Amino acid sequence: MPLLEVGSLTIDYPTSRGAIRAVEDISFSLKKGETLGLAGESGSGKSTLGLSIIRLVPYPGVIVKGHIKIDETDILKLPEDEMRFIRGRKAAYIFQDPMTSLNPVKRIGAHFIELIRTHEPNTGKEEAFERTKTVVKNLGILSERINDYPHQFSGGMRQRIMIGLAIALNPDLVIADEPTTALDVIVQAKILDLLESLRKVYGMALILISHDLSIILERCDKIIIMYAGHMLEYATSIEMHRNPKHPYTQGLLQSIPNIELSDQKLVAIPGSPPDMLNPPKGCRFWPRCSYAKKICRVKEPPLIKVGRNHFVRCFLYGKKGVHVERNRKS
Amino acid sequence: MSDASCMAKKVFMLSEIVKVEHLKKYFPVQKSFLEQLFTRELSYVKAVDDVAFSIRSGEIFTLAGESGCGKTTTGRVIVKLLEPTSGKIYFNGADITKLKGEKLRLLRRKMQIIFQDPYASLNPRMKIIDAVGHPLEIHGLAKGEEKKKKVLEVLEKVGLTPPEQFINLYPHQLSGGQRQRVALARSIILKPEFMVADEPVSMIDVSLRSSIIDLMLSFRKELGLTYLFITHDLAVAKYISDKIAIMYLGKIVEMGHKEPLFWNPMHPYTQALLSAIPVPNPERERKRIELAGEVPSAIDIPTGCRFHPRCPYRTDKCSKEEPQLIEVEKGHFVACHLMK
């Protein structure tokens, strides 16, 4: 039984010039303890998808179709007050910007105590305080520092605190949205190591959202490649690295520099991501694709199974792959 | 020099185009009125603290390091956007440290800079033709039709084709990658000899980054441009550079040609930095070198070697004596007491 199951999820942002379809027909599932990477460029819909899992799609976005099941419960059908208890306890979110996500006039400890006592009203102050100390210690921060204010912490430490707040209630699923984008490489590696070790200790599943394919490949078990709201490819990271199928994935892999290779030749993907108000008809990637055929411009390619746990949305694989239903189960 | 054909074409290639010696840039720390009453001493952020290097014509020299290491300040001091606190800057052999007024304006034709954020570096109320042609007008080189001709030419060069479609657009009508191309066009229209590129690709979508990098590499060949490239991304640095200098807290800790520097990093900081870079390969087991703590403030710089509080190999000497940048192998410089 999967922990998280997302089926045919479609999310729109209505604007005065028409609706922007930020996420279209996305299905995947995640088991306990697994790590899933959502990779894509800006505007690909990866953050919207992540936020929808805790039902926090920013205004005016609406989920127009699909279901999101956490532990068999479809959270899209829950009333708001029940949803509040899913957030934090079942699924928690780590936001991109640690500088603005903490309250500047509250001590670090107060953030934790408020969180714990809101979700578990029976917890006494003393107990909440003790739990805070343990969590902060697990983050590699001295427990005395819970009396400090956010501005007394560096960017990396604030991001640790954000991670701590996400795991404080021991959720089954943590969604980390570009958790290290604002940080330097050394701090980035430390934060990702911390997430990985906490994930093992607490047995959580992790969804890591990043534009940096290197991080995703290095840290995740499974990967979804997003482009203009569509899932173009879905595979285990080893499979994605050895055997990328979609021309977009292949292009991305050829455009990222690797410090372990010498005399690498980078190849850019021509063109730029589409205007989401007027996305191209058919496959969203065809204007930039060097393999584009006539059919790509008219018809949307279905998700095709090309291997064990490997799916691709591309007409190139029509004959080799076996056609599968879109709301498949993994 | 990685490109032999490039070397054959240009004989002057081996001459030093830019050289800095003992370059320092300190920024005074703002104090409140009360603090000013009680203390006489001013404290400084030592953004760049005694840096020396030289860039040869046709080379791509990269300053790399984490945020706050002084790489951007160094770049800005070199193009004279900031006054150095002390030290000397030479351009084509001439001392430009104290250059002002008309002479500085003439120098700017030869030295350009492009910035990280193409959303901030272009005036939103200027059409592309005016933004790109502006340098020509400032330097009195071309006006009207002639300006238009030159702008079209240079837009074509940066890959904005057909250029006629772009000249009457405003920056908000362009994507991030296109804006950075416009910024590049503006900086090469005066045919400079030297360009500082401050994180030119870090705000660009991944799939477009390598096209901007390749464009910059092509200018080196076509226009004989020399670059000072500034980046925090060592994977990009490795791809583009001939030589790399790693900075930490205002100082260069290691400098050399990129191959030896990446294959055999000698400074413990460089080793840790390289081991932290993600590698796009899930099957690769990597050893990470852990560093204690975080980068200290540039106001209270540690005594001796400024890296010693975080260094796994520190000795007593490290906290007392500042190591000099010494040539350990040919062309490979390291500032570390372990090297002797």
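A residue is termed buried when its relative accessible area is under 20%. By that criterion both faces of strand S3 of chain B are covered in this predicted model.

**Strand S3 of chain B**

- Strand S3 of chain B spans residues 60–64, and because five of its five residues are buried, the strand is largely enclosed by the rest of the structure.
- In a regular strand, side chains alternate between the two faces of the sheet.
- On one side of S3(B) lie B:Ile60, B:Thr62 and B:Ala64, and on the other B:Phe61 and B:Leu63, all of them buried.
- S3(B) pairs in the parallel sense with strand S8 (residues 226–231) of chain B, over five bridges; within this pairing, B:Ile60 stands opposite B:Tyr227.
- S3(B) also runs parallel to strand S9 (residues 243–248) of chain B, to which four bridges join it; here B:Ala64 stands opposite B:Ile246.

**Interface between chain A and chain B**

- The contact involves 42 residues of chain A and 40 residues of chain B.
- About 3600 Å² is buried between the two chains, and carbon and sulfur atoms give 55% of this area.
- Of the area that chain A buries against chain B, 21% is supplied by A:Ile186, A:Ile259 and A:Glu260, more than by any other three residues.
- Six salt bridges are counted between chain A and chain B.
- One salt bridge joins the side chains of A:Glu260 and B:Arg286, at 4.0 Å from N to O.
- Another salt bridge, also listed at 4.0 Å from N to O, joins the side chains of B:Asp214 and A:Lys265.
- The latter pair crosses between chains, from helix H8 (residues 206–223) of chain B, which holds B:Asp214, to the loop between helix H9 (247–255) and helix H10 (294–298) of chain A, which holds A:Lys265.
- B:Asp214 is partly exposed, with a relative accessible area of 23%, whereas A:Lys265 counts as exposed because its relative accessibility is 57%.

**Salt bridges within the chains, and a network**

- Over all chains, the structure holds 35 salt bridges.
- In chain A, the side chains of A:Glu178 and A:Lys46 meet in a salt bridge at 3.9 Å, N to O.
- A:Glu178 lies in the loop between strand S7 (173–177) and helix H6 (185–202) of chain A, and A:Lys46 in helix H1 (residues 46–52) of chain A, so this pair ties together parts that are 132 residues apart in sequence.
- A:Glu178 and A:Lys46 are both buried.
- In chain B, B:Arg220 and B:Asp242 form a salt bridge whose closest N and O atoms are 2.8 Å apart.
- This pair links distant parts of the chain, 22 residues apart: B:Arg220 belongs to helix H8 of chain B, and B:Asp242 to the loop between helix H9 (234–240) and S9 of chain B.
- B:Arg220 and B:Asp242 are likewise both buried.
- Salt bridges with shared partners join A:Asp193, A:Glu196, A:Glu218, A:Arg219, A:Glu260, B:Arg284, B:Arg286 and B:Arg288 into one network.

**Nonpolar surface patch on chain B**

- B:Phe33, B:Leu34, B:Leu37 and B:Phe38 form a nonpolar patch on the surface, and together have about 530 Å² of accessible area.
- B:Phe33 is located in helix H2 (residues 33–38) of chain B.
- B:Phe33 counts as exposed because its relative accessibility is 62%, the cut-off being over 50%.

Notes. Residues numbered from 1 in each chain as written. Chains lettered and ligands numbered in written order. Predicted model: local features only at pLDDT ≥ 70, side-chain atom pairs only at ≥ 80, totals over all residues. Heavy atoms only, no water. Patch = residues over 30% accessible without salt bridge, like charges linked within 9 Å, V, L, I, M, F, W, Y side chains within 5 Å. Areas by Shrake-Rupley, 256 points an atom, 1.4 Å probe, with all protein chains shown as cover. Helix = DSSP H or I, 4+ residues; strand = E, 2+ residues; numbered from the N terminus. Buried < 20%, exposed > 50% of the residue type's maximum accessible area, 1.4 Å probe, protein only. Pairing = 2+ DSSP bridges. Contact = heavy atoms within 4.5 Å. Buried area = accessible area lost by both parts, 1.4 Å probe.
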